[in-house]
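Okay, thanks for coming, everyone.

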Amino acid sequence: MNVSSMPYRVLHPFTYMDDPRTLTVGAMHQQYVCLKGGKGSWVYDDNGNSYLYLTTAVPTLGLGDERVLERILDQYKTLSFASTCAQSHSLVQPLAEKLLALADGPFAAVFFANDGSGAVETGMKLARQYWMRRGKPSRTKFVSLAGSYHGTTFGAGAVTHMGIREQFGPTLPGCLQAPAPNLFHPPVEGEEESVVRYCLDQLEALIVREGAETIAAILIEPIQGVNGVVLFPDDYWQGLVKLIRHYGILLIADEVATGVGRTGHWLASHRYRLEPDLLILSKGLTGGYFPMGATLISRHIMETLYTGGGIFLHGSTMCGHPVGCAAALSVLTIMEQERLVERADTLGSWMLAEWRRMLKDHPQVGEIRGMGMMLAIEFVSDQASRRPVTSEWAQSFTRQLRSEGILGNFFNSTLAMFPPLTLTEKEAEFVVHGVVQAVHRAGRCSR
Ligand SMILES: Cc1ncc(COP(=O)(O)O)c(C=O)c1O
């Protein structure tokens, strides 16, 4: 039996799977690209095609960076595993110090998790315990925004509002949704100012209705990534911060996608002056060289929980893995040395401006948006209704994009793109032109 006709044995996350009784390796690889290698900004598939890899915010430095690989290999040789449960190793403290310095905020400690969901989960548990310790055990609820994505574990999944948690029966109770000031699909008609006002009023009404004394924290993504790189107005963030401080609610900033330089700022929280009590990092933290997440904890939470000593009954076997720490330290050092955060800002702004210039009159281009190396184009079937494009158009566009040698992320009628921060000018031009070509070649969308 040749490999291609063998039954396919893997269940993929967030991937439509054909009938397992008939699905073969060949059919799966026909439907989805199967990667064989990768270097820098590029990946290579089974059939010898190369693609510029833009699908996820993970590879900040691109793939296969020799400097990171060398550091990782050294670490494997020195200490290939160590637990951080009632034990330590020589890299956790330096990495924590580095993250606290880059975050430049009121944080006093870092908890290391294995991924973004795990770090969000950690933040939610710390918020719950904080209120228990403060003698306010009724503060158990969490608020997050419509269109938010915070992960897939039961806690992180319960504060994700994208129609996912509904697939799994009863969820964590008390996870509430507030409207988001998405100006391209506003929850009410009106100008920016009135949409922002509406969302803040609704948030306050929700807090008052539920009772502020029942709410532990609000979780936010400074820019919604999975939902299609959705940015909210500055005034909304300032209003939100004011509201939650007024009602004594904790702020958890989920910077799994936006953090570690992706937006042209070390943290998007810096850009929006958010000053969260808990901050979540993952994807860019190791740039994909090792799975890792981190929860930065502010001083007042640490002191509430651990003054006089204490124990956090949470975590997993691989937390703070030394190879992950080595990868993160190496990635962060290179980012600083090469000033990649500034580069993300400059090159990302240039790409956005080029697309705005070249695609401004295209009937299917609804909005071109982004910050730094977090970029998106939302397509519409017509400008007036802003309804999504048809699945035929989406498929045709995705095919064209692939034939241009670009792997992006098409979801919800939006092409989201996350170039590595090391993208060269030439590669940026390649992406800009490839996307424009694919849009033109996909033709017109008719409903
Ligand atoms: C903002 C945000 N939070 C949390 C997560 C979950 O991270 P992970 O997939 O590593 O569990 C993601 C993943 O896309 C994310 O974008």
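Before anything else, a bit of bookkeeping: I'll call a residue buried if 20 or more other C-beta atoms lie within 10 Å of its own, exposed if there are 12 or fewer, and partly exposed in between, with C-beta atoms placed from the backbone. Take R197: this one is partly exposed, because 17 other C-beta atoms lie within 10 Å. The C-alpha of R197 sits 9.1 Å from that of D235, although 38 residues separate the two along the chain.

Two caveats. This is a predicted model, so local features need pLDDT of at least 70, side-chain atom pairs count only at pLDDT 80 or more, and totals for chains, interfaces and linings use all residues. Residues are numbered from 1 along each chain as its sequence is written.

Now the overall layout. How many residues of domain 1 are in contact with domain 2? It's 29 residues of domain 1 against 26 residues of domain 2, where contact means C-beta atoms, placed from the backbone, within 7 Å. On the domain 1 side, α12 (340–359), β13 (365–371), β14 (374–379) and β17 (414–417) each bring at least two of the touching residues.

Next, the inside. A nonpolar core, for us, is a set of buried Ala, Val, Leu, Ile, Met, Phe, Trp, Tyr and Cys residues joined through C-beta atoms within 7 Å. The largest such core has 127 residues, and the members touching the most others are A127, A217, L250, I252, L278, A294 and L296. Helix α11 (residues 322–337) is the top contributor, with 8 residues. Domain 1 and domain 2 each put at least three residues into this core. Zoom in on L278: beyond four places in sequence, its contacts include A127, L250, I252 and L296.

Back to α11, then, and its partner α2 (residues 66–78). The two axes come within 9 Å and cross at roughly 150°; those axes are lines fitted to C-alpha atoms over the stretch in contact, with angles from 0 to 180 degrees between N-to-C directions. So α2 runs roughly antiparallel to α11, a label we use for angles over 145 degrees. On α2 the contact residues are R67, V68, R71, I72, Q75 and Y76, and on α11 they are P322, V323, A326, A327, S330, V331 and I334.

Last stop, a few individual residues. D104 has a positive phi, about 45°, and is not a glycine. You'll find D104 in the loop between α3 (92–103) and β4 (107–113), and it counts as exposed, because there are 11 C-beta neighbours inside 10 Å. V260 also isn't a glycine, and has a positive phi of about 60°. Buried or exposed, then, for V260? Buried, because V260 has 30 C-beta neighbours inside 10 Å. V260 is in the loop between β10 (250–254) and α8 (268–272).

And Q177, in strand β6 (residues 175–178), is partly exposed, with 15 C-beta neighbours inside 10 Å. Leaving out residues up to four places away in sequence, Q177 touches S144, A146 and H161.

Key:
Helices (H or I, at least four residues) and strands (E, at least two) are DSSP runs, numbered from the N terminus. Domain bounds come from an automatic or database domain assignment. Two residues are in contact if their C-beta atoms, placed from the backbone, lie within 7 Å. Angles under 35 degrees count as roughly parallel, over 145 as roughly antiparallel, 65 to 115 as roughly perpendicular and the rest as oblique.
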